[in-house]
Amino acid sequence: MARKLRILRASDLDGTLDMKDVLALMEQAFAERGLGRTEMPAKSYLHFPTHQGVLLIMPGNLPQMDEAAVKLISVHTRNPVEYNLPTLIATIVLISPDTGEPLCIMDGTYVTGMRTGAVSGVATKLLARKDSRVLGIVGAGFQGPFQLDAVRHSMIVETVLVTDLISERAEKVVGTARGYGLKARACETVEEVVRGCDVLVTATPSDRPIVRDEWVHDGMHINCVGTYAKGKQEIEAGILKRAVVVVDDWEQASHAGEINVPVSCGEFDRSGVYAELPEIAAGLKPGRTNENAITVFDTTGLAIQDVVTAWKAFQVAEQNNLGSVIDPLYL
Ligand SMILES: NC(=O)c1ccc[n+]([C@@H]2O[C@H](COP(=O)([O-])OP(=O)(O)OC[C@H]3O[C@@H](n4cnc5c(N)ncnc54)[C@H](O)[C@@H]3O)[C@@H](O)[C@H]2O)c1
C-alpha cells in the first residue's frame, strides 16, 4: 500500500533527538561500515561558479539497519548578504529500502548538527584517555553546542574551555555547559584552550592552521571538525606527524579533511594514518593503546551519519505526528 510522504521543516525537528541515542546509532553505523556492510558512493558535486555556490550530493545505504537516504547540501556563500538566506541549506530525502518510495523530506540542518557532534563523541570514546576531564572547544558557532553535548556523554567532562572570534558565541556555549552542571569559562586565545584541555574540538571554517604544534601536549585527543574543503586547515601539520591519526574515510579526508593540505604538499600520506574510524568501531583495530600518544580524528562527515540520524528523527516524527504528511508524489 502506498505510504504518505512526511515533510519535516527545521522548526519541526529542533530538539527532537536525544544525543545519547544518536551516539549509539553512530557507533553502530561506523561498525557497519567497518564490517563492509554499507553502501556509500563518493560525494558528488554540482558547481555554480557564477553564483559562488556548490551542491553536494551524499547517498548512503545501511542494509542491516534497513535505512537509506540522500542528503543534498548547497553552500552558497553570497546567500547571507545578497538574499538574506543561510550559506548552507541541507535537505535529506529518506528512501524506503523495500519499495524505493520516498518516505520523508526533511530539512537537514538539525540532523547535520547532531550527527557531526555524535561522531566526535564516538571518536572521543574510542581514542581519548579515560582520565580526560577537560574539554576544549575552538569555534563556538552552530556546531559548538552539538559538540559539547556529544563529548560530555562520551567522557567524564569536569571543565569546558571555549574560545571563538565572537566572544558572545563562546559565552553562549559556556552558559550551555554550566546548564549541564559543568565548570566552564570562555578563553581569549586558542592557545589557552589548547594548552588547558585534554580533549579538543576544532570547529571553525579557518583556512590556515590556528592550533600550533607547540601547544599540543602528550596524551591529548583532538577532533578536527571544521575542515571540510580542499585548501582548508585548522591544525599545524607537525601535530599530525607526531600523532596517531584516524580519519573517517581516507578518500574524503585526503581530499577535503584536515589532512588534505599536508597530503597535497607531500608532508603527509596514507602511511601516516593509523586507521579509519569504522575499523576501530567494528573492533578490527584497537583505539587508544598508549596513554602518552596524541590522537587526532579527522572528520569530513559521511553520508551514513546522516542516514541513521535522519531515520531516527523520522521515527520520532512518526510517533509524535510531527510536521505534515502529503499523498505520495508518484500517484
Ligand atoms: N566535519 C563535518 O562533518 C562538518 C559538519 C558540519 C560543519 N563542518 C564545518 O565545521 C565548521 C564549523 O561549522 P559551524 O556550522 O559551526 O559554522 P559557524 O560559522 O556557525 O561557526 C564557526 C565559528 O568559528 C569561529 N571562528 C572562526 N575562526 C576562528 C578562529 N580563528 N578562532 C576561534 N573561532 C573562530 C567563528 O566566529 C564562528 O563562530 C565549518 O567549517 C563547517 O563547514 C564540518
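This report looks at a ligand site and a pocket in a predicted model.

## Ground rules

Residue numbers start from 1 along each chain as its sequence is written. Since the model is predicted, local features need pLDDT of at least 70 and side-chain atom pairs count only at pLDDT 80 or more, while totals for chains, interfaces and linings use all residues, and side-chain values use heavy atoms, with hydrogens and water left out.

## Around the ligand

Let's start with the ligand. Of the 20 residues around the ligand, Phe 142, Gln 143, Asp 164, Arg 169 and Gly 226 come nearest (a residue is near if one of its heavy atoms lies within 4 Å). That shell splits into eight nonpolar, nine polar and three charged residues (Ala, Val, Leu, Ile, Met, Phe, Trp, Tyr, Cys and Pro are nonpolar; Asp, Glu, Lys and Arg are charged; the others, Gly among them, are polar).

Now for some backbone atoms. A backbone N or O atom of Phe 142 sits 2.9 Å from an oxygen atom of the ligand, and a polar backbone atom of Gln 143 is 2.8 Å from a ligand oxygen. Thr 299 places a backbone N or O atom 3.0 Å from a ligand nitrogen. Taken alone, the ligand exposes 860 Å², and the protein buries 83% of that (Shrake-Rupley areas with a 1.4 Å probe).

## Who lines the second largest pocket

Next, the pocket. Among the residues lining the second largest pocket are Arg 33, Tyr 45, Asp 249 and Thr 300. By class, this lining has five nonpolar, three polar and four charged residues.

Notes:
On a 1 Å grid over the protein atoms alone, a cavity is a set of points where a 1.4 Å probe fits but cannot get out, and a pocket is an open set with protein on both sides within 12 Å along at least five of seven lines; lining residues have an atom within 4 Å of a point. A polar contact is a pair of N or O atoms within 3.5 Å; within protein, one must be able to donate a hydrogen and the other to accept it, and residues adjacent in sequence count only if both atoms are side-chain atoms.
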